[in-house]
Amino acid sequence: VNGKLTIMCGGSEAAYAKGEPVFSVYAKQSRLLGPAGSGQITKMINQICFGAVVQGLAEGFSFARAAGLDIEKVVDVISKGAAQSWQMDNRYKTMAAGEYNHGFAVEWMRKDLSIVLDEARRNGASLPVTAQIDQFYAEIENMGGKRWDTSSLFARQERARQKTNNNKS
């Protein structure tokens with residue numbers, strides 16, 4: 001609808017050239033990445049990187065809360081440096097507010113991560129962080145968050161922090 005998709009393609013240059021005018025109508029970016037299957041592998045790489053970024057934000061924001069810091073002030077400073085990301089810029093407010101109803105659903109991310117982890121077993125890649133993040137998303141599903149967006153890793157992180165605090169009492 002917004003014409004802002006990113007399309008990752010695999011196939012021949014001739015086939016890509018035929019499709020590219022159509023892609024340009026609904027995508028901000030399209031790229032031929034190699035032979036058939038290359039687009040799917042690139043999407044897998046995107047999900048690996050994306051999941052790690054969101055988990056990093058969830059841990060960082062939870063750490064900020066545990067330390068008594070204002071997340072908005074923290075983000076204002078760290079978003080100007082190496083920690084900056086699209087996720088930080090566009091999701092920190094909703095994460096901090098516990099609002100998870102506007103993005104890519106957890107159940108869809110788990111489907112994608114299942115494909116990634118199957119491919120990693122096939123090609124011999126070691127993805128321990130991705131496997132752990134998939135398990136974190138499984139916990140979110142068990143919390144009733146199948147349709148929450150992927151930034152709900154923060155809800156899981158906060159729940160874990162609260163459990164730790166309750167155990168200290």
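**Salt bridges, helices and cysteines**

Mentor: Please note that this is a predicted model, in which local features need pLDDT of at least 70, side-chain atom pairs count only at pLDDT 80 or more, and totals for chains, interfaces and linings use all residues. Residues are numbered from 1 along each chain as its sequence is written, and side-chain values use heavy atoms, with hydrogens and water left out.

Trainee: How many salt bridges does the structure hold?

Mentor: A salt bridge is a side-chain nitrogen of Lys or Arg within 4 Å of a carboxyl oxygen of Asp or Glu. By that criterion, the number of salt bridges in the structure is ten.

Trainee: With which residue does Asp134 form a salt bridge, and which helix holds that partner?

Mentor: The closest N and O atoms of the pair are 2.9 Å apart, and the partner of Asp134 is Arg110. The pair links distant parts of the chain, 24 residues apart. Helices are DSSP runs (H or I, at least four residues), numbered from the N terminus. Asp134 lies in helix α6 (residues 128-142), whereas Arg110 lies in helix α5 (residues 106-123).

Trainee: Which residues are joined into one network with Glu158?

Mentor: Glu158 forms a salt bridge with Arg161 at 2.8 Å, N to O. The two lie three residues apart in helix α7 (residues 153-168), about one turn of the helix, and Glu158 is buried at 8%. Through salt bridges that share partners, the residues joined with Glu158 are Arg65 and Arg161.

Trainee: Against which helices do the buried residues of α7 pack?

Mentor: Helix α7 has 16 residues and reaches 23 Å from its first C-alpha to its last, close to the 22 Å expected at 1.5 Å a residue; the expected span is 1.5 Å times one less than the number of residues. Its buried residues are Leu153, Phe154, Ala155, Arg156, Gln157 and Glu158. These residues pack against α2 (38-66), α3 (71-78), α4 (86-97) and α6.

Trainee: Against which helices do the buried residues of α6 pack?

Mentor: Helix α6 has 15 residues and spans 21 Å between its first and last C-alpha, close to the expected 21 Å. Its buried residues include Ile133, Asp134, Phe136 and Tyr137. The buried residues of α6 pack against α2, α5 and α7.

Trainee: Which residue just after α6 takes a positive phi?

Mentor: The phi angle in question is about 95 degrees. The residue is Gly144.

Trainee: Which residues does Gln87 touch?

Mentor: Gln87 is found in helix α4 and, at 8% relative accessibility, counts as buried. Contact means heavy atoms within 4.5 Å. Not counting residues up to four places away in sequence, Gln87 touches Phe50, Val53, Val54, Leu57 and Tyr92.

Trainee: Which helix gives the largest share of the nonpolar surface patch?

Mentor: Nonpolar patches join side chains of Val, Leu, Ile, Met, Phe, Trp or Tyr within 5 Å, from residues with over 30% relative accessible area and no salt bridge. Here Leu5, Val22, Val25 and Tyr26 make a patch of about 390 Å², with areas from the Shrake-Rupley method and a 1.4 Å probe. Val25 is exposed at 67%. The largest share, three residues, comes from helix α1 (residues 13-26).

Trainee: How far is the sulfur of Cys49 from that of Cys9?

Mentor: A disulfide is a pair of cysteine sulfur atoms within 2.5 Å, and a search of the whole structure finds zero disulfides. Cys9 is in no disulfide, and the nearest cysteine sulfur, that of Cys49, lies at a distance of 19 Å.

Notes:
Buried < 20%, exposed > 50% of the residue type's maximum accessible area, 1.4 Å probe, protein only. Patch = residues over 30% accessible without salt bridge, like charges linked within 9 Å, V, L, I, M, F, W, Y side chains within 5 Å.
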